[in-house]
Amino acid sequence: MFLIATLFGYAYFIEPNSLVIENQVIKLNCLQKDLSDKFVQISDLHFTSETKEARISQIYEVIKIQDPAAVFIT
(Lines give C-alpha, C1' and ligand atoms only; values in the text may rest on other atoms or scores of the structure.)
Protein backbone atom coordinates (compact mmCIF):
# COMPACT_ATOMS: atom_id res chain seq x y z
CA MET A 1 0.00 0.00 0.00
CA PHE A 2 2.83 2.38 0.84
CA LEU A 3 4.44 1.84 -2.56
CA ILE A 4 1.15 2.47 -4.38
CA ALA A 5 0.52 5.62 -2.34
CA THR A 6 4.07 6.85 -3.05
CA LEU A 7 3.74 6.24 -6.79
CA PHE A 8 0.34 7.96 -6.87
CA GLY A 9 1.70 10.94 -4.92
CA TYR A 10 4.64 11.28 -7.28
CA ALA A 11 2.46 10.95 -10.39
CA TYR A 12 -0.15 13.42 -9.14
CA PHE A 13 1.88 16.06 -7.27
CA ILE A 14 5.53 15.93 -8.40
CA GLU A 15 5.66 14.86 -12.07
CA PRO A 16 3.09 17.38 -13.40
CA ASN A 17 5.06 20.23 -11.81
CA SER A 18 8.54 19.16 -12.88
CA LEU A 19 10.36 20.89 -15.71
CA VAL A 20 13.42 19.24 -17.25
CA ILE A 21 15.68 21.07 -19.69
CA GLU A 22 18.17 19.09 -21.75
CA ASN A 23 20.53 20.60 -24.27
CA GLN A 24 21.55 18.41 -27.19
CA VAL A 25 23.96 19.15 -30.03
CA ILE A 26 22.91 17.38 -33.21
CA LYS A 27 25.22 17.25 -36.21
CA LEU A 28 23.79 16.22 -39.55
CA ASN A 29 26.20 15.25 -42.29
CA CYS A 30 23.54 15.96 -44.90
CA LEU A 31 23.74 19.72 -44.25
CA GLN A 32 26.19 21.62 -46.40
CA LYS A 33 26.78 24.31 -43.79
CA ASP A 34 26.64 24.46 -40.03
CA LEU A 35 23.20 25.15 -38.68
CA SER A 36 23.65 26.97 -35.40
CA ASP A 37 19.98 27.77 -34.73
CA LYS A 38 18.33 26.62 -31.54
CA PHE A 39 15.17 24.56 -31.62
CA VAL A 40 12.96 23.75 -28.66
CA GLN A 41 10.95 20.54 -28.42
CA ILE A 42 8.42 20.27 -25.61
CA SER A 43 6.30 17.28 -24.69
CA ASP A 44 4.31 15.61 -21.93
CA LEU A 45 2.65 18.83 -20.84
CA HIS A 46 -0.48 17.11 -19.49
CA PHE A 47 -2.53 20.32 -19.39
CA THR A 48 -5.98 19.97 -17.89
CA SER A 49 -8.77 22.39 -17.04
CA GLU A 50 -7.09 22.72 -13.64
CA THR A 51 -3.72 23.83 -15.05
CA LYS A 52 -2.88 27.22 -13.59
CA GLU A 53 -2.04 30.15 -15.86
CA ALA A 54 1.13 30.66 -13.81
CA ARG A 55 2.35 27.20 -14.86
CA ILE A 56 1.75 27.96 -18.54
CA SER A 57 3.53 31.31 -18.13
CA GLN A 58 6.47 29.58 -16.46
CA ILE A 59 6.86 27.19 -19.39
CA TYR A 60 6.54 30.08 -21.87
CA GLU A 61 9.23 32.09 -20.07
CA VAL A 62 11.66 29.15 -20.05
CA ILE A 63 11.14 28.69 -23.79
CA LYS A 64 11.51 32.43 -24.45
CA ILE A 65 14.86 32.52 -22.61
CA GLN A 66 16.18 29.84 -25.02
CA ASP A 67 15.47 32.22 -27.96
CA PRO A 68 14.68 29.35 -30.36
CA ALA A 69 14.30 29.56 -34.13
CA ALA A 70 11.33 27.16 -33.83
CA VAL A 71 9.31 25.38 -31.16
CA PHE A 72 8.03 21.84 -31.67
CA ILE A 73 5.26 20.52 -29.42
CA THR A 74 5.03 16.74 -29.38
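What radius of gyration does the protein have, and what would a compact globule of 74 residues have? The protein has 17 Å, whereas a compact globule of 74 residues would come near 11 Å. The radius is taken over C-alpha atoms, and the globule rule is 2.2 Å times the number of residues to the power 0.38. Along its principal axes the C-alpha trace spans about 55 × 30 × 15 Å.

This is a predicted model, in which local features need pLDDT of at least 70, side-chain atom pairs count only at pLDDT 80 or more, and totals for chains, interfaces and linings use all residues. Residues are numbered from 1 along each chain as its sequence is written, and side-chain values use heavy atoms, with hydrogens and water left out.

**Elements and burial**

The protein has two helices and two strands. From the N terminus on, they run α-β-α-β. Helices (H or I, at least four residues) and strands (E, at least two) are DSSP runs, numbered from the N terminus. Buried residues make up 9% of the 74 residues. Buried means under 20% relative accessible area, exposed over 50%, and partly exposed in between (1.4 Å probe, protein chains only).

**Two loop residues**

Asp-44 sits in the loop between E1 and H2. Its phi is near 55°, a positive value in a residue other than glycine. Asp-67 sits in the loop between H2 and E2. Asp-67 is not a glycine either, yet has a positive phi of about 50°. The table gives accessibility for these two and for the paired residues discussed below.

| Residue | Relative accessible area | Class |
|---|---|---|
| Phe-39 | 44% | partly exposed |
| Phe-72 | 44% | partly exposed |
| Glu-61 | 37% | partly exposed |
| Lys-64 | 46% | partly exposed |
| Asp-44 | 60% | exposed |
| Asp-67 | 62% | exposed |

**Side-chain pairs**

The structure holds one aromatic pair. Phe-39 and Phe-72 form it; the pair is tilted, at 6.1 Å centre to centre and 40° between the planes. Phe-39 lies in strand E1 and Phe-72 in strand E2 (residues 70-73), so the pair ties together parts that are 33 residues apart in sequence. Rings of Phe, Tyr and Trp (its six-membered ring) pair if their centres lie within 6.5 Å; planes under 30 degrees apart count as stacked, over 60 as edge-to-face and the rest as tilted.

Side chains of opposite charge can pair when their charged atoms come close. The count here is one salt bridge, defined as a side-chain nitrogen of Lys or Arg within 4 Å of a carboxyl oxygen of Asp or Glu. Glu-61 and Lys-64 form it, with the closest N and O atoms 3.7 Å apart. The two are three residues apart in helix H2, so about one helical turn separates them.

The largest pocket holds about 1300 Å³ of space. Of its 34 lining residues, the closest to the centre are Glu-22, Gln-24, Phe-39, Val-40 and Gln-41. Strand E1 (39-42) and helix H2 (53-66) are the elements that give two or more residues to this lining. H2 gives the most, with five residues. The lining divides into 16 nonpolar, nine polar and nine charged residues.

The second largest pocket has a volume of about 350 Å³. Its lining includes Tyr-12, Phe-13, Leu-45, Phe-47 and Arg-55. By class, it has five nonpolar, four polar and three charged residues.

Pockets are found on a 1 Å grid over the protein atoms alone: a pocket is an open set of points where a 1.4 Å probe fits, with protein on both sides within 12 Å along at least five of seven lines, and lining residues have an atom within 4 Å of a point. A volume is the space filled by probe spheres set on the points. Ala, Val, Leu, Ile, Met, Phe, Trp, Tyr, Cys and Pro count as nonpolar, Asp, Glu, Lys and Arg as charged, and the others, Gly among them, as polar.
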